[in-house]
Amino acid sequence: MQSLHRILGRLQSQILTPEQQQFQDLCQCWSEIVGTVASRHTRPVTWHRGVLNVATSSATWSQDLTLRRVQIIHKLHQKLLFPVQDIRFSSAGWRYQLQGDQSVSLDFSTDEFSQMWQEHPSRVEIPTPKAVDEVPGRSSLTPLTAFEGWANRLKQRSQPLPLCPQCHCPTPPGELSRWSVCGFCSIQNGE
């Protein structure tokens, strides 16, 4: 009599392609490789030709893990029996839970991206800027005056925003309702 675990393991190796088995092995050791905090903010989503695509909970996590990519690949090589050529981190698709086949591609249509952006916690309605012809002093625009104009517009846009209770920076309301602090403080708090 064979154990159920052994029978399921044998069936799984017969059903899954080698690439799917590799992806499953990657997913099983992911938390150990990146750590518990980072694993809560990441999810491996595709594995194709040695490249792992990972969804992240924010662009900040994506950037941080991209900078640590070489170390992560090195740890994966120590743990796995197959090579990992590269890892790509992106916050696209984080909200969408994959069902069934974990190797589903995250190619979204323009409408889907538009819908994701409409629901994004960092989204803020920005008034349409004036046309270039309507900007006063356009003919005498220098890099300094362009920067000053940009800084003033940014200041005006952020004035109506509520402040983060932790860092006191203007914060989109969606971030406050989601994390009770701004996105940056949320990352620092390990949420």
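Helices and strands are DSSP runs, helices (H or I) of at least four residues and strands (E) of at least two, numbered from the N terminus.

**Figure 1. Order of the elements in the predicted model.** From the N terminus on, the elements of the protein chain follow the order α-α-α-β-β-α-α-β-α-α-α-α. This gives nine helices and three strands. The protein chain has 191 residues, and 28% of them count as buried. Its accessible surface is about 13200 Å², with 56% belonging to carbon and sulfur atoms. Taking contacts between residues at least 6 apart in sequence, 50% join residues at least 24 apart.

**Figure 2. The open sheet formed by β1, β2 and β3.** The three strands are arranged in the order β1-β2-β3, and their pairing is mixed. Because β1 and β3 stand at the edges with a single partner strand each, one side of each has no neighbour in the sheet. From one strand to the next, the twist averages 25 degrees. The strands β1 and β2 run antiparallel and are joined by six bridges. P44 is found opposite V54 of β2.

**Figure 3. Buried and exposed residues of helix α4.** Helix α4 spans residues 59–67, and its buried residues are W61, S62 and L65. Viewed down the axis of α4, these buried residues fall within an arc of 100 degrees, so they line one face of the helix. An α-helix has 3.6 residues a turn, so residues three or four places apart point the same way. A59, Q63 and L67 are exposed on the other side of α4. Exposed here refers to a relative accessible area over 50%, and buried to one under 20%.

Figure 4. Helix α4 lies across β1, β2 and β3, and runs at about 165 degrees to β3.

**Figure 5. Packing of α4 with α5.** The two helices pack at an angle of about 65 degrees, and their axes are 4 Å apart. On the α4 side, the residues in contact are L65, T66 and L67, which meet R69, Q71 and I72 of α5. By class, three residues of this contact are nonpolar, two are polar and one is charged.

Note on methods: Residues are numbered from 1 along each chain as its sequence is written. This is a predicted model: local features need pLDDT of at least 70, side-chain atom pairs count only at pLDDT 80 or more; totals for chains, interfaces and linings use all residues. Side-chain values use heavy atoms; hydrogens and water are left out. Buried means under 20% relative accessible area, exposed over 50%, partly exposed in between (1.4 Å probe, protein chains only). The arc is that of the directions from the helix axis to the C-beta atoms. Two strands pair if DSSP finds at least two bridges between them. Axes are lines fitted to C-alpha atoms, for helices over the stretch in contact, and angles run from 0 to 180 degrees between N-to-C directions. Contact means heavy atoms within 4.5 Å. Ala, Val, Leu, Ile, Met, Phe, Trp, Tyr, Cys and Pro count as nonpolar, Asp, Glu, Lys and Arg as charged, and the others, Gly among them, as polar. Accessible areas come from the Shrake-Rupley method with a 1.4 Å probe; for residues, only the protein chains shown count as cover.
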